[in-house]
Amino acid sequence: RVVAVIMVGGPTKGTRFRPLSLNIPKPLFPLAGQPMVHHLISACRRIPNLAQIFLIGFYEEKEFALYVSSISNELRVPVRYLREDKPHGSAGGLYNFRDYIMEDNPSHVVLLNCDVCCSFPLPEMLEAHKGYGGMGTLLVIKVSAEAANQFGELVADPVTNELLHYTEKPETFVSDLINCGVYIFTPNIFTAIEDVFMQRKDRANLRRATSFEALQSAAKALPPDYVRLDQDILSPLAGKKELYTYETLDFWEQIKTPGMSLKCSGLYLSQFRHTSPQLLAAGDDARSATVIGDVYIHPSAKVHPSAKLWIPEQIGPNVSISANARIGAGVRLISCIILDDVEIKENAVVIHAIIGWKSSIGKWSRVQGEGDYNAKLGITILGEAGSVEDEVVVYHCISEQIEAEHGL
Ligand code: GDD
């Protein structure tokens with residue numbers, strides 16, 4: 001049997017996701033109309049003999065309660081949220097709940113960072129992992145040399161795929177092969193984490209017996225029960241025939257900013273073409289006159305029949321419309337996420353933007369971003385209940401709340 005664990009983190013980690021993380025935990029933010037974590041849960045569902053899925057984080061329990069119970073029913077696999085009282089680090093958090101995770105005596109633990117977007121080739125990875133015979137297998141991908149230093153950089157044996165060297169976000173270039181934050185472990189991972197605790201204890205005792213200076217530096221160090229998977233486990237175990245790699249040639253992105261969430265929404269929409277075409281709005285959808293490219297429209301959204309969902313070829317299709325949104329006649333939507341209860345009035349244009357819950361965009365208005373998903377101000381974002389009057393242009397703007405009026 002296999003269990004899956006998704007590390008969802010907590011509110012302090014989501015600050016770069018503002019203003020969108022102000023009223024919803026980042027893992028529940030919709031990408032292609034489904035909560036971010038939903039894409040990971042669906043991927044886990046494809047693992048043979050999956051017994052349970054755990055979400056581990058330090059968000060309030062009530063924030064996940066509704067989602068967890070509805071998804072358990074829908075997918076008919078138990079999904080449970082386990083709340084840490086404080087952050088323990090990516091490996092510490094896992095260790096904290098080892099009794100729950102080992103409840104069903106699983107042979108393997110699949111561990112996923114919540115903030116990644118990927119095709120999650122988990123069954124294939126599991127097969128490869130069994131063949132390697134190590135304690136863990138990491139999903140890895142080649143990225144550009146310039147981008148690599150935002151991630152864990154690693155070197156793998158080209159023949160055996162063994163992880164030979166691992167450095168977390170190095171200052172000088174090591175490799176363009178990076179850690180995707182998707183892992184398969186045997187239960188021995190818990191012993192490896194325990195070993196880190198023991199070594200720390202030994203070191204602390206040694207310090208106590210030596211100098212006052214050493215004691216001071218220990219005080220500045222991380223809390224003793226805070227263990228990071230990358231620095232504290234992967235780095236020291238590289239080159240010891242314990243860890244192996246599985247390279248994906250498919251898409252992979254990390255979602256730290258709202259700009260990246262818009263990009264990833266598009267990636268999941270295009271994946272739906274192969275995995276769940278029924279979720280995509282069809283060109284002849286009765287609720288809309290013209291749908292071009294990959295578009296998701298929630299069943300409760302109202303799209304005026306003459307509204308045009310049109311995406312120029314050079315950008316690529318990417319529009320997702322959430323529950324109870326109302327889209328007026330003659331509206332143009334290109335590369336955007338429209339959240340719940342938004343109203344977009346006649347002939348407004350929204351391009352490269354995320355429109356927050358309950359916002360309203362006036363007639364003939366234009367809300368637009370530049371379209372560079374990696375740039376800080378690359379997309380325009382309206383937080384909750386933003387209001388843009390008729391005939392107003394909002395360009396290049398991130399706002400917790402917008403009250404844009406004519407002439408501004
Ligand atoms: N429950 C819980 N508790 N989750 C945590 C904690 C914690 O104390 N700390 C981090 N996480 C979760 C985050 O929400 C995220 O999903 C994952 O663990 C990793 O977060 P970080 O440790 O902050 O690392 P990172 O995202 O900057 O980088 C990691 O992921 C990259 C891939 O996205 C590293 O493993 C990189 O090497 C890797 O390239």
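How many bridges join β22 to strand β25 (residues 380–382)? Three bridges join them, and the two strands run parallel.

The model is predicted: local features need pLDDT of at least 70, side-chain atom pairs count only at pLDDT 80 or more, and totals for chains, interfaces and linings use all residues. Residues are numbered from 1 along each chain as its sequence is written.

**View 1. Strand β22 and its partners.** Helices (H or I, at least four residues) and strands (E, at least two) are DSSP runs numbered from the N terminus, and strands pair if DSSP finds at least two bridges between them. Strand β20 (residues 332–338) is joined to β22 by six bridges, in parallel, with Cys336 opposite Ala353. Strand β24 (residues 366–368) is also parallel to β22, through three bridges, and Arg366 stands opposite Val349. In β25, Ile381 stands opposite Ile354. Because six of the seven residues of β22 (residues 349–355) are buried, this strand is largely enclosed by the rest of the structure; buried means 20 or more other C-beta atoms within 10 Å of the residue's own, with C-beta atoms placed from the backbone.

**View 2. The largest nonpolar core.** This core has 120 residues, and Ala4, Val5, Ile6, Cys336 and Ile355 have the most contacts inside it. A nonpolar core is a set of buried Ala, Val, Leu, Ile, Met, Phe, Trp, Tyr and Cys residues joined through C-beta atoms within 7 Å. Its largest share, seven residues, comes from β1.

**View 3. The shell around the ligand.** Of the 27 residues around the ligand (C-beta atom, placed from the backbone, within 6 Å), Gly9, Pro87, Phe151, Gly152 and Gly181 come nearest. β11 gives the most to this shell, with four residues.

Notes:
Buried ≥ 20, exposed ≤ 12 C-beta atoms within 10 Å, placed from the backbone.
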